[in-house]
Amino acid sequence: MSNPLSELSAAGVAVWLDDISRDRLRTGNLADLVANRSVVGVTSNPTIFQKAIASSDLYNEQLHDLTVRGVDVGEAVRAITAADVRDACDVLRGVYDASGGVDGRVSLEVDPRLAHGTERTVAEARALWWSVDRPNLFIKIPATLAGLPAITETLAQGISVNVTLIFGLDRYDAVIEAFLAGVEKAIDAGRDVGDLTSVASFFVSRVDSEVDARLDKIGTPEAKALHAKTAIANARLAYERYEKAFATPRWKALAAKGAKPQRPLWASTSTKDPSLPDTIYVSELVAPGTVNTMPEATLQAFADHGQVRGDTIRPYYDDARQVFAALASVGVDLDDVIETLETQGVQKFEDSWNQLLGTIAQQLGRSGSDS
């Protein structure tokens, strides 16, 4: 039966779930979402894992074993998260096979404390790829300046990458360049790139949160009229750059050797402003060859009352440029917005990672006392 999520899929948007937990895996909830809610991929981050581990008893046995073995906290985190991601990869394996490796992917993030270290990020990516040992894994690497060469090198080694924490258009151009260079290096090394895939995760709602706060401070009618318009305009112009980049002779030469394009992924799609429709960052960003990763609340909201009105990106490029021009005219410095968001994004993920380490350390101590 047709429903909003299947209509979204038919419009070319891959529906991914932005959540993972051992409870979701063991109860069959993830399998049910794949079967009945059009879910064809999963993303995770340190915050998601911290909440999952802190709120479930299903990790106790593994925590006990890790404690008995004397594993340190960092390696315990890798073992626990890799186990969940491996199981999720197995749930999605049928989707992966049916889509020729395009979908059915599950993402696992490198330690965000490495965001400004290229060599350590690559080493971590290799270790996680080996640990999960599933072809439908994505390694998440942030699009920091140090992350860009790490993205290229990781792809060159045949490891599929989810590039995360993209906020601005110029950085997105650099991400596309890092992807193309990585594929070229993989081909030069004699690798089969048919299964080498990537997504570029463009954060959406956080852009509106930052810009709208600045518009509120400006306080003029012109500024208030721009409320909740920046994030969608930003994502639409990113898609325009995606179209141009993957229509070049350079890309066509790679595609002829079996390479798959790096799809834009809309992340941070839950609505932070309660005055906005709860599905706005899904319904307003529909175009072929994209991914939208949603928290379950957003996914279920779209299943209930979401609307697919055809392509809501490509007809609106000029409108998006007008939004950017209007923002400049009222005094919003978008370059500063993007820099602020990247700094905050890296810090938030690092804080979440430290919180995750703290949760695991506490649980390891408890397991040790129980033994």
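# Close-up views of a predicted model

The structure holds 25 salt bridges, a salt bridge being a side-chain nitrogen of Lys or Arg within 4 Å of a carboxyl oxygen of Asp or Glu. The model is predicted, so local features need pLDDT of at least 70 and side-chain atom pairs count only at pLDDT 80 or more, whereas totals for chains, interfaces and linings use all residues. Residues are numbered from 1 along each chain as its sequence is written, and side-chain values use heavy atoms, with hydrogens and water left out.

View 1. E75 forms a salt bridge with R78, and the closest N and O atoms are 3.2 Å apart. Both residues belong to helix α6 (residues 73–91), where they are 3 residues apart, about one turn of the helix. Helices (H or I, at least four residues) and strands (E, at least two) are DSSP runs, numbered from the N terminus. E75 counts as partly exposed because its relative accessibility is 40%. Here buried means under 20% relative accessible area, exposed means over 50%, and partly exposed lies in between (1.4 Å probe, protein chains only).

**View 2. The salt bridges of R314.** E243 forms a salt bridge with R314, with 3.4 Å between the closest N and O atoms. This pair links distant parts of the chain, 71 residues apart: E243 is in helix α13 (residues 230–245), and R314 is in the loop between α16 (296–305) and α17 (317–330). R314 also forms a salt bridge with D311, where the closest N and O atoms are 2.5 Å apart. E243 is partly exposed at 28% relative accessibility, R314 is partly exposed at 35%, and D311 is partly exposed at 24%.

**View 3. The packing of α6 against α8.** Two packed helices are described by the angle between their axes and the distance between the axes. Helix α6 packs with helix α8 (residues 118–132) at an angle of about 55 degrees, their axes being 9 Å apart. Axes are lines fitted to C-alpha atoms, for helices over the stretch in contact, and angles run from 0 to 180 degrees between N-to-C directions. The helices α6 and α8 are therefore oblique to each other; angles under 35 degrees count as roughly parallel, over 145 as roughly antiparallel, 65 to 115 as roughly perpendicular and the rest as oblique. The crossing of α6 and α8 is right-handed, a crossing being right-handed if the near helix is turned clockwise from the far one by less than a right angle, and left-handed if anticlockwise. R78, A82, V85, R86 and C89 of α6 make the contact with E124, L128, S131 and V132 of α8, where contact means heavy atoms within 4.5 Å. The residues of this contact divide into 5 nonpolar, 1 polar and 3 charged. In this division, Ala, Val, Leu, Ile, Met, Phe, Trp, Tyr, Cys and Pro count as nonpolar, Asp, Glu, Lys and Arg as charged, and the others, Gly among them, as polar.

**View 4. The packing of α13 against α17.** The axes of α13 and α17 are 9 Å apart, and the helices pack at an angle of about 125 degrees. The two helices, α13 and α17, are therefore oblique to each other, and their crossing is left-handed. On the α13 side, T230, A233, N234, R236, L237, Y239, E240 and E243 meet Y317, A320, R321, V323, F324 and L327 of α17. The contact of α13 with α17 comprises 8 nonpolar, 2 polar and 4 charged residues.

**View 5. The buried residues of α16.** T298, L299, A301, F302 and A303 are the buried residues of α16. They pack against α1 (4–10), β1 (13–18), α3 (29–36), β2 (39–43), α15 (280–283) and β8 (290–294).

**View 6. The surroundings of P142.** P142 lies in strand β4 (residues 137–142) and counts as buried at 5% relative accessibility. Residues up to four places away in sequence not being counted, P142 touches V110, A115, G147, I151, T164 and L165. The C-alpha atoms of P142 and L165 are separated by 5.4 Å, although these residues are 23 residues apart along the chain.

View 7. S38 is not a glycine, yet has a positive phi of about 65 degrees. This residue, S38, is found in the loop between α3 and β2 and counts as buried at 19% relative accessibility. A228, likewise not a glycine, has a positive phi of about 65 degrees. A228 lies in the loop between α12 (221–224) and α13 and is buried, with a relative accessibility of 13%.
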